[in-house]
Amino acid sequence: MSGHAARNPYLKDFRYKDTVDVKDGALRLAKEDHAMIDRFIRINQAGETAAVTIYKGQMAVLGRGDPELKTLLAHMRDQEVVHLETMDRHVVDFKVRPTVLQPVAAAGGYVLGVVSALLGVRSAMTCTEAVETKIGAHYNDQLRDLHALQHAELDDLKRSIAKCRDEELEHLDTAVDHGARMAPLYRLQFELIKGGCGVAIWLCARI
């Protein structure tokens, strides 16, 4: 009886029916842990997509003037491009379902970048401060949850998120240094954009 069970070709599938294999089979995650990581990376991919297009939108308006400002915006955009490439890789590694709102994130980010830039450099910086405040805190929340999972194969993901967080917070500091809090109606702009980011995170987690 036991010998028959050991040879049963369906036994392995039964034993691991509540798990998901990721990273080319190098890691087996409980379904609830995979669902959490799936949600995190889906949100991050959409967020980094929006971040890239925010800076593209700002550069479309502000990039023709002050060369120093153009260089600054290009530097932050280029960092966001690397973040997005990293999240695209994790989407594949962890078998993540991207949000169907990805095109909306791209278009919405560009519009936000253009509109904030049309209001002036300081408002563009307020936009950056608001976005990065929300995203930095969100990445911190993800890292706290991921640190509870003691799998060496997750170290790369943790490092990626930590690097993204650190660079987003650098962008926040840069925005403040360039007059974000001196924009007209600063508090209103800040809270509207930060709140919009929260709504976007909620939607991308679910759709």
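This report walks through the fold of a predicted model and then a few of its residues.

## Overall fold

The protein chain has 207 residues, and 46% of them count as buried. Its secondary structure comes to eight helices and two strands. From the N terminus, the elements run α-α-β-β-α-α-α-α-α-α.

Along the principal axes, the C-alpha atoms fill a box of roughly 80 × 25 × 25 Å. Residues 24 or more positions apart account for 79% of them.

## Helix 3 against helix 7

Helix 3 covers residues 31-62, and helix 7 covers residues 155-177. The two pack at an angle of about 35 degrees. Their axes are 13 Å apart. Helix 3 passes helix 7 in a left-handed crossing.

Which residues make the contact? Helix 3 supplies I37, I41, N44, E48 and Y55. Helix 7 supplies L157, I161, C164, E168 and H171. By type, these residues divide into six nonpolar, two polar and two charged.

## E132 in helix 6

Helix 6 spans residues 121-146, and E132 lies in it. Is E132 buried or exposed? Its relative accessible area is 3%, so E132 is buried, the cut-off being under 20%.

Leaving out residues up to four places away in sequence, E132 touches Y55, E80, E168, L169, H171 and L172. Among these, Y55 of helix 3 and E168 and H171 of helix 7 also take part in the contact between those two helices. The side chain of E132 makes a polar contact with the side chain of H171, at 3.0 Å. E132 can also be placed relative to D166, 34 residues apart from it along the chain. The C-alpha atoms of E132 and D166 are separated by 10 Å.

## E129 in helix 6

E129 also has its place in helix 6. Its relative accessibility is 2%, so E129 counts as buried.

What does E129 contact beyond its neighbours within four places in sequence? The list is L172, A175, V176, A180, R181, Y186 and F190. One of these contacts, with Y186, is also polar: the side chains of E129 and Y186 meet at 3.0 Å. L172 is among the residues touched by E132, and L172 is in contact with E129 too.

## The aromatic pair

The count of aromatic pairs comes to one. Its members are Y186 and F190. Their ring centres are 5.8 Å apart. Their planes stand at 40 degrees, so the pair is tilted.

Why are Y186 and F190 separated by about one helical turn? Both belong to helix 8, residues 186-206, and they are four residues apart in it. Y186 is buried, and so is F190. E129 is in contact with both Y186 and F190.

## Two positive phi angles

Most residues other than glycine have a negative phi. Two residues here have a positive value. K23 is not a glycine, yet its phi is about 50 degrees. K23 lies in the loop between strand 1 (19-22) and strand 2 (27-30).

L185 has a phi near 55 degrees, and L185 is likewise a residue other than glycine. Where is L185 found? L185 sits in the loop between helix 7 and helix 8. With a relative accessible area of 64%, L185 is exposed. By contrast, Y186 is buried.

Conventions
Residues are numbered from 1 along each chain as its sequence is written. This is a predicted model: local features need pLDDT of at least 70, side-chain atom pairs count only at pLDDT 80 or more; totals for chains, interfaces and linings use all residues. Side-chain values use heavy atoms; hydrogens and water are left out. Buried means under 20% relative accessible area, exposed over 50%, partly exposed in between (1.4 Å probe, protein chains only). Contact means heavy atoms within 4.5 Å. A polar contact is a pair of N or O atoms within 3.5 Å; within protein, one must be able to donate a hydrogen and the other to accept it, and residues adjacent in sequence count only if both atoms are side-chain atoms. Axes are lines fitted to C-alpha atoms, for helices over the stretch in contact, and angles run from 0 to 180 degrees between N-to-C directions. A crossing is left-handed if the near helix is turned anticlockwise from the far one by less than a right angle, and right-handed if clockwise. Ala, Val, Leu, Ile, Met, Phe, Trp, Tyr, Cys and Pro count as nonpolar, Asp, Glu, Lys and Arg as charged, and the others, Gly among them, as polar. Rings of Phe, Tyr and Trp (its six-membered ring) pair if their centres lie within 6.5 Å; planes under 30 degrees apart count as stacked, over 60 as edge-to-face and the rest as tilted.
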